[in-house]
Structures are given as C-alpha cells and as structure tokens.
Amino acid sequence: MTNFSDLQAKRRSIYALGKDVNLTNQELIDTIQGAILQTPSAFNSQTSRVVILLDEESDAFWNEIAYSELEKVTPAEAFEGTKERLAGFAQAKGTILFYEDQDVVKGLQEQFPLYAENFPIWSEQGHGIALYATWLALAEQNIGLNVQHYNPLVDAQLAEKYDIPANWKLRAQAPFGEIKALAADKEIQTENRFKVFGN
C-alpha cells in the first residue's frame, strides 16, 4: 500500500501518454469505478456520472469529436498547435468523461430549499473529489492522467454518440495511459496559504 502523501506527490498532470498500461481493460474499469463509488458527496447525493472511453473510442473522441468542434472555433493560424495537442491526447489508452447529474441537484434543491443555492456548489465539489480520487487511484497503478475542459464544445456530439442523458452535465475530460515522460518539477507555493492557531 502506498503512503498517501507519497501518492499525492506522485499524482501529476502527465501529457506524454501511451497505450501500454499494466492493467487490463476490466481492471482499469474496476479501478475507475471503485474510486468514483467511494467518493464522498454532500447529503450522500452521489451526483457524479462517468463515461469511460477505451482504445479506439478514446481515439475517436480526440481525433473526430474534439477535432471537428475545435476546428470550427480556432483561428486557422492557431489550429496547428491545437491539432498537436489533440493528437497527443489520442495517444492515451483511454479517456474518462466526468459528468454531474443535474436532476439529482434539482431534486435536492426542491427537497431542501433552505440549502438550494448550495447544491450546485456541492455538486462541483463532489466532481472535484471524484476526479481527484480517480487520479490518485490511477497514479497508484503508475498510470498517468491529465484534465481537459473542452465542454461545452463537445457536449452535443458526445450526447448523440453515447446516448448521454440531457440531465448529465459534462465537467471534464481526462485522457489517461502509460507514462511516456514524467512531469517537470513544480514549485509549491506555501507563503500566505495557511493560518494555524492553538497548540
């Protein structure tokens, strides 16, 4: 079992990804699902929803859906760099699409009107915890991941292709796979981030 603080340090945004991972597809699915299912949420609302794209499905997301939507909105002179990034994401073993179920959020707002304005915030917090838990679970298996936010550009095509319910709101896309190059060292800011009182 990995020490938690070591695992936190190990978790980095990995952009040089490949398809050769040490888990089977079923083991990947089990790892991702396990992390999501054990994620805490406000009022035990369990708003997180996930679509896992593996192999050719992940490739198609980056090479077809993301490519076509970004080509529409990116100036031609800037699109070469975008194409390069998307091609890099397509080298990954898979992509996790993170959604939040808005019907659950609305239901809780109706059930608990005193806290209504907080439920969308708590849903976003739950999404962040679910994503982080998944990231740590994959890092523990020596699998790299990075997080992208091409929503809402890709939402409609994804909804059509994968029959995504209208009440699922896309929050992030996370390509994952073999770590082909480590992340660079990062500077951690500590100044003015903490206050401690008492012994």
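Trainee: What should I keep in mind before I read any value here?

Mentor: This is a predicted model, in which local features need pLDDT of at least 70 and side-chain atom pairs count only at pLDDT 80 or more, while totals for chains, interfaces and linings use all residues. Residues are numbered from 1 along each chain as its sequence is written, and side-chain values use heavy atoms, with hydrogens and water left out.

Trainee: How many helices and strands does the protein chain have, and in which pattern?

Mentor: Helices (H or I, at least four residues) and strands (E, at least two) are DSSP runs, numbered from the N terminus. The protein chain has 7 helices and 5 strands, and along the sequence they follow the pattern α-β-α-β-α-α-β-α-α-β-α-β. Its radius of gyration, taken over C-alpha atoms, is 18 Å, close to the 16 Å that the globule rule gives for 199 residues, so the chain is as compact as a globular protein of that length; that rule is 2.2 Å times the number of residues to the power 0.38. The C-alpha trace spans about 50 × 40 × 40 Å along its principal axes.

Trainee: What share of the contacts joins residues at least 24 apart in sequence?

Mentor: Contact means heavy atoms within 4.5 Å; among contacts between residues at least 6 apart in sequence, 85% join residues at least 24 apart.

Trainee: What is the volume of the largest pocket, and which residues line it?

Mentor: On a 1 Å grid over the protein atoms alone, a pocket is an open set of points with protein on both sides within 12 Å along at least five of seven lines, whereas a cavity is a set where a 1.4 Å probe fits but cannot get out; lining residues have an atom within 4 Å of a point. Grid points are joined across faces, edges and corners, and a volume is the space filled by probe spheres set on the points. The largest pocket has a volume of about 170 Å³, and its lining includes Ile36, Leu37, Arg49 and Gly126. Both α2 (25-37) and β2 (48-54) supply at least two residues of this lining.

Trainee: How many cavities of 30 Å³ or more are there, and what lines the largest cavity?

Mentor: There are 2 cavities of 30 Å³ or more. The largest cavity has a volume of about 50 Å³, and among its lining residues are Lys10, Trp135, Ile143 and Ile179. The largest share of that lining, 3 residues, comes from β4. The second largest cavity has a volume of about 30 Å³, with α6 giving the most to its lining, 3 residues.

Trainee: Is Asn151 buried or exposed, and which residues does Asn151 touch?

Mentor: Buried means under 20% relative accessible area, exposed over 50%, and partly exposed in between (1.4 Å probe, protein chains only). At 18% relative accessibility, Asn151 counts as buried, and Asn151 lies in the loop between β4 (143-145) and α7 (155-162). Leaving aside residues up to four places away in sequence, Asn151 touches Leu170, Arg171, Ala172 and Gln173. A polar contact is a pair of N or O atoms within 3.5 Å; within protein, one must be able to donate a hydrogen and the other to accept it, and residues adjacent in sequence count only if both atoms are side-chain atoms. The side chain of Asn151 makes such a contact with the side chain of Gln173 (2.8 Å), and a polar atom of the Asn151 side chain lies 3.2 Å from the backbone oxygen of Leu170.
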